[in-house]
Amino acid sequence: MTAADTIVIGTRVRRMVAGAEDADADAVAITDGVITAIGERHEMLALAGPDTRVIEHPDATIIPGLVDAHSHPIYSLGIVRGTSLTGVHTRAELVEALERGRAEQEGEEWFLAWGLDPSAFEDAPVSNAELHAVLGDGRLAYVKMFDAHSGIASASALALAGIDEPVTYSDGSGAVGDAGGALTGHLVEFPTMERVERMLTVPTTADRVVQLRALLGEMAALGITTAHVMDLKDADALELLATIEKDGDLPVRLRISPWCTPETTDAEVAALIAQQGAGGRRYMIEGIKLFIDGTVEGGTAWLERPDAAGEGRSSVWEPTEAYVRRVRGFHDAGVPTATHAIGDRGIRFTAETLAAPPASGVTHRIEHLETTEDDVIELIGRSGIVASMQPTHCTHHVRADGSDQWSQRLGAERAGRAWRTGDVKRSGAVLALGSDWPVAAFDPWEIMADAQLRRSSLSGAGAPVGPDQALTAQEVVEGYTTSAHRAAGSTGGHLSPGEAADLVIVDIDPLTATPGELAHARVLLTMVGGGVTHAAD
């Protein structure tokens, strides 16, 4: 056998291969970016040549590279700007954070912030009142809410964007008004938000390249080797990636699925299909992302019956038959799809649509599944539909006592069906896990720990939300490895000879560690295609 390029040695190898015995393996041999052998240390060292690199981490575990099944790294560059409001849950905390941001952004034309949970307004409607109180009435200010589907603009920002009166469109998007007909500053869904966002200063391409490279490096430092990118919104996205690859490899593989919206024309759909497979060394366009609805907090989730505010009554697609036609067109062209579906009616309609086409090897998936009924989960499980879910959306923003805005909007019955990861897994469906960054942090160890605890693993606060939906250690690691690959129609995600050498060395054994230990795991090495993308100091 040809001498290995690299031999990686730990205490154990978790292959994530059903039925494989891990006890006899503690080392992996790699040649030309591919795993060539797995076994005991002395066996692998026998494959070494004079130029073989040996990387050894005693008391550490070697696992397959982690895959974030739902992320927006490039799009996030335009969202994660200004002051972070993540973790703000009361009006007092909001005012304090805005005051801190005012000092941080002194002299800037725009005040920007992101990541705000609407529960911070407690029992009051979302509005720009706090922005005006802290920043003054004349300041240009814009806050992106945590769900990225809504925002808050100051009065001067609304005026600059030409938004001068409340409006609600058929899909639930628009500019919200109060009982007296005055604008509150609350903007719902992308078409309305983009009217303000077009006014913002755009960083240079050079700055965005630096930011994106650093972000992907941070992901690699947490053991992420692949991210499923659920958009191609930024006009310069492919340029940014190509520019990074001129100077070296991306730290993370990117599988990019562009959006198809109700406004996408037949000609544009044909172009999306033709674009499939395009990319670079570590990025590729594969799949299509669609939306059947919006968000619960914004009142745009498609529900079986209206929410507490009388909203949630329609789909993004009107008529919905147009969505069915688009999905079937992609299916017939061999293009996999991923559909954002949050409300119970939206999830049901999407599942029924995806269950209808004949089997053809094309993978279709539903993203989020925030509140789902029993028979729909059963349909997903028996139809081969992939469920892609984000556990920290629940553990960060939903409270067991129902006092959060998501639960109040839905009521106790529907809120009791929150993020049914356990039932989805038990249905036999493929369950892929991810972050939806920047909606939630992309730390996979926290996400896997939260999925077991059903509450925040880092804060330790609050009672579990739906503890019967907890996943096991095996299931959460599958969700970030083998199942995440299945979500992309791949058989990868395990350590086996012949597979790409995408792997992670971590200081704990994720299959036996407690959730608390898992949340604080330290990644010692990350490799993509046999190349080191992160090495701990």
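Tutor: Start with β13, which contributes four residues to the lining of the largest pocket, the most of any element. Keep in mind that the model is predicted.

Student: OK, what volume does the largest pocket have?

Tutor: About 770 Å³. It is lined by 37 residues.

Student: Which of those are closest to its centre?

Tutor: Glu297, Gly298, Ala309, Glu311 and Arg409.

Student: Switching to sheets. What's the strand order in the open sheet of five strands?

Tutor: The order is β18-β19-β20-β21-β22, and the pairing is parallel.

Student: Which ones are the edge strands?

Tutor: β18 (288-291) and β22 (431-433). Each of them pairs on one side only.

Student: What does the twist average from one strand to the next?

Tutor: The average is 25°.

Student: Let's zoom in on β19 and β20. How many bridges join them?

Tutor: Five. Strand β19 covers residues 337-341, strand β20 covers residues 364-368, and the two run parallel.

Student: Which residue in β20 does Thr339 stand opposite?

Tutor: Thr339 faces Ile366 there. You can find that pair in your viewer.

Conventions. Residues numbered from 1 in each chain as written. Predicted model: local features only at pLDDT ≥ 70, side-chain atom pairs only at ≥ 80, totals over all residues. Heavy atoms only, no water. 1 Å grid on protein atoms, 1.4 Å probe; cavity = no way out; pocket = protein on both sides within 12 Å on 5 of 7 lines; lining within 4 Å. Points joined across faces, edges and corners; volume = space filled by probe spheres on them. Pairing = 2+ DSSP bridges. Axes fitted to C-alpha atoms, helices over the stretch in contact; angles between N-to-C directions.
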